[in-house]
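Biologist: I would like to learn how to read a structure like this one. Please take me through it feature by feature, with the general idea ahead of each case.

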Amino acid sequence: MPVSYVPFDLQMGYIHHWLVAGPQAIEAQPLELLGNAASKVRVAQYYYEQESGIRQLPVEPGPLPESTFTVGGREAQWAYVACAEDHFVDLTDVYAAATYLRAWAYTQLVCADAQRLLLTLTTNGPTDLWLNGTHIQRGDSFDNHSSALEVTLHEGVNELLVRFEQVCAGACLHRFALRITEPAGSISTQIPTAIEDIAHRNQLASIFNQAYLDRDVFPSEEMIAVHWPDDLEASDDLIIRLQTPSARIYAESKASAAPGQSWSMVQAYQAPQGPLRLRFMPPLELYYDENLRVLREIPLWGMGRQAYSETVYGTYPERRLEALRHARRGRDDLFAESAKMALGQWEAVDVPVMLRSIGAIRRGEIDSPLCLVGLLGILHRWGEHDKFPTSLCEPLEACILGFTGWADAPNREGLGVEAESTQILLYAGEILAGQLYPKRTFADSGKTGQWHRERGERSALAWLRQRSAGGFADWDSGRAFEAELIALAHLMDLAETEGVWQMVGVILDKLLFTIALNAYRGVFGATQGAADVTSIKGGLLAPTSGIIRLLWGEGVFNHHLAGLVSIACMEDYQLPPLMPAIATTRRDELWNRECHRVGAGQTVNKVTYRTPDYLLASAQDYRPGERGRREHIWQATLGPEAVVYTTHPASMGRSAGHRPGFWLGNATLPRVAQWKDVLLAVYRLADEDWMGYTHAYFPAYAFDASVVRESPLGQTWAFAQQGEGYLALTAFPGLEWIIEGPGAYQELRAYGQNVVWCCQMGRAALDGTFEAFQERVLSRFLKLDGLTVQFETLRDETLTFGWEGPLVCNGEAQALSGFKHYENPYTVTDLDAPEMEIQSEQYLLRLRFE
């Protein structure tokens, strides 16, 4: 096999171009404490191999067999990977069960002269390095860390091999970066390739890498189109395929890439709803006949034929039937099978799907509590039906009686985000399992089902009382709220003890009231304690969107089926008409303050300001300067896709496993204050911050109009209009509008360690035309002194706010903490109040918590 070499330069000293193989994912035995570093070390030691396992020259694929190898009986293949601007080789993902991961990366260092230098390795798991075939380092830490190693390179080519490992269940940060520091002479890198036409390979790789989409999610009528920047240096022909992650092709186009070119594929309704991929490859004759195997994939989501509703429609029975018909089309989803049973479509029930859910529970996968409640709901509702599949009876019984996770529920208290929702799922499952098999012995405890039912009821009631007194620790989290609604819906219908289902009904009302206060035209636009990577950019993929559409007719049915089906199957709960009225009434102004307990002695104080044209929400002064995870601190919502917010990115990672990542969460939490239609966010980053900037999600495609302008004093403002709602956003020391790469025309950046963002909302009813709004904002007084900003708002109020001190409005300090539990036009309720009255002009609802 002829081998050629592709040369590359270092980027700020970092090696950016690698051949990467893996990860090999080996399912480990379920671990008692995967968050415990000692447990992870034991697993890594068990699978550790002294040898690298690489016995032949790694090579970029040309003829396919030449790039494959086998380690531990598992085959792997080398592929070319170029690092993003964060410098990481990043294989981060989410794994359902306890998993040991290992992957390899290879490159060659080319030196004009022999020299000694430092290699600085940054990683999150055990890592081995080999230089010219000699093992030079083994690190076994699972923390994010950097280590420096002095090495000697000889003149010419030096082979460098990295093996990087991880042990996890759930989100798994699996990556490394390698930097060369203090080189004594010129160093470059190169990778071996089996592709003969290097020039054509490089040209196509550059064209593929510069292609971008203007959005991540495509509504049904939107054309899925690829774009190239105006400064693309070359033109060429290529193939673009629209396919599912399982490689089922829905469209293929012979495309031409050129500077400023856009290439349309198909409208989104012509592909299924769910995750999709755009696959870029050379023309087929070059790919197959000449082995020019250059590839790139861009992930996206399609909404299929589901259209978003911004206005109320239909009756609840009509929407319920629509929801179940939508859900029954779900693929490989337990709750799709529930929907089929609810519709009486027994001939369509897919037994293997339910058996796979049973298998997931037995393996202790992270969604086991959800699957268990879903299966118990099916058994309670339809287990005695004459068409229920008899082949499921024995596996279901064995699964439920053998479940070993009941006792884990109380321990969830200390496991952080989403512990609260997992707890109530486990308590609900224990109650329903105990009711189903009251006299049978459960393997977990050696106790009867009746004993488990009683314990589950005590635990559930304690959980419900905590929610009544202190609210929701996973405040406004879409996924957590969906999980809680699933558990509560099952208990409402199926719990036999009156005291349980009565209290469940009260907390259902409270939770839905919280959603109604923070919803805007079907979008749950609130700040969130634990956001979801697929839903932070609007309402199309939010876990709550289908639930909101079902309950009051705004939103969209999407891939989140569990909460939707659980509520649609609920018969013993009637939604108070007050909730849809609160959610859909277009008041000129709704100013809502809330306080929720988020841990021992800790609270979050949050505000929401809603008008007929937008919603602005934030968490006030929430742990500024601390390390963040998935907190979504503030958001402006003007429509289902028209949302704006800022974050401090931890990396370029955009997957669900990056917590925090590029758009999800914050590496460093900001200090935020909001006064009705104005929000100020202050960031203070560490001097050694990895990314060195904060940024705003600002999706130009989602607005009716957008523009970037400078004020007479030289301050750059970004403006957006959606309908009759307006937004203005600026940052000190300045903004950069990103027009290339994966965030093209969706991202505004502010570089530096100390940054202050200012957001002013507006309305046509108050501010006139969009152009008049811009002029008024540009004429406002805005001054920065250190990290303290002073801003004259459009409502002629002067706000002062900084990294320290209060929010001051017209000389008067405004509270950022110590809020009541709820304070808005519908209720004023303290924390720990024995009851809550929610009242509008037409309705009164009294929730008694004792």
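Modeller: Gladly! Let's begin with strands: two of them pair if DSSP finds at least two bridges between them. Helices (H or I, at least four residues) and strands (E, at least two) are DSSP runs, numbered from the N terminus. This is a predicted model, so local features need pLDDT of at least 70 and side-chain atom pairs count only at pLDDT 80 or more, while totals for chains, interfaces and linings use all residues. Residues are numbered from 1 along each chain as its sequence is written, and side-chain values use heavy atoms, leaving out hydrogens and water.

Biologist: Which residue is the bridge partner of Tyr5 in β14?

Modeller: Pro192 is the partner of Tyr5. The strands β1 (residues 4-8) and β14 are joined by five bridges and run antiparallel.

Biologist: Why is β14 described as largely enclosed by the rest of the structure?

Modeller: For that we need burial: buried means under 20% relative accessible area, exposed over 50%, and partly exposed in between, with a 1.4 Å probe and protein chains only. Strand β14 (residues 187-193) has six of its seven residues buried, so it is largely enclosed by the rest of the structure.

Biologist: And how do I read a whole sheet? In what order do the four strands of the open sheet come?

Modeller: In general, strands of a sheet pair through backbone hydrogen bonds, either parallel or antiparallel. Here the order is β6-β13-β8-β11, with antiparallel pairing. The edges are β6 (89-90) and β11 (145-153), each of which pairs on one side only.
Let's walk across. Two bridges link β6 to β13, where Val89 is opposite Phe176. Strand β13 (residues 175-181) is mostly covered, with six of its seven residues buried. From β13 to β8 there are six antiparallel bridges, among them the one pairing Leu118 with Thr181. Finally, β8 (residues 115-123) meets β11 over nine bridges, and Thr123 sits opposite His145.

Biologist: How many strands are in the open sheet that starts with β35 in the order?

Modeller: That sheet has 10 strands, in the order β35-β36-β31-β28-β27-β26-β25-β24-β43-β44, paired antiparallel. Its edge strands are β35 (736-738) and β44 (827-829). Inside it, β27 (residues 634-637) and β28 (residues 643-647) share two bridges, and Thr637 faces Val643.

Biologist: Now helices. How is a packed pair described?

Modeller: Two packed helices are described by the angle between their axes and the distance between the axes. Axes are lines fitted to C-alpha atoms, for helices over the stretch in contact, and angles run from 0 to 180 degrees between N-to-C directions; contact means heavy atoms within 4.5 Å. For α9 (residues 419-436) and α10 (residues 449-470), the angle is about 150 degrees and the axes are 7 Å apart.

Biologist: Which residues have the most contacts inside the largest nonpolar core?

Modeller: A nonpolar core is a set of buried Ala, Val, Leu, Ile, Met, Phe, Trp, Tyr and Cys residues joined through side-chain atoms within 4.5 Å. The largest has 98 residues, and Phe388, Phe513, Ile515, Trp552 and Ile838 have the most contacts inside it. Helix α12 (residues 498-517) gives the most to this core, with 12 residues. Another core, of 80 residues, lies apart from it and includes Leu616 and Trp675.

Biologist: Which residues does Trp552 contact, leaving aside neighbours within four places in sequence?

Modeller: Among them are Val312, Arg319, Leu512, Ile515 and Met579. Trp552 is also one of the buried residues of α13; in that helix (residues 545-552), eight of its eight residues are buried. The cover over them includes α4 (316-327), α11 (478-494) and α12. Just after α13, Gly553 takes a positive phi of about 85 degrees.
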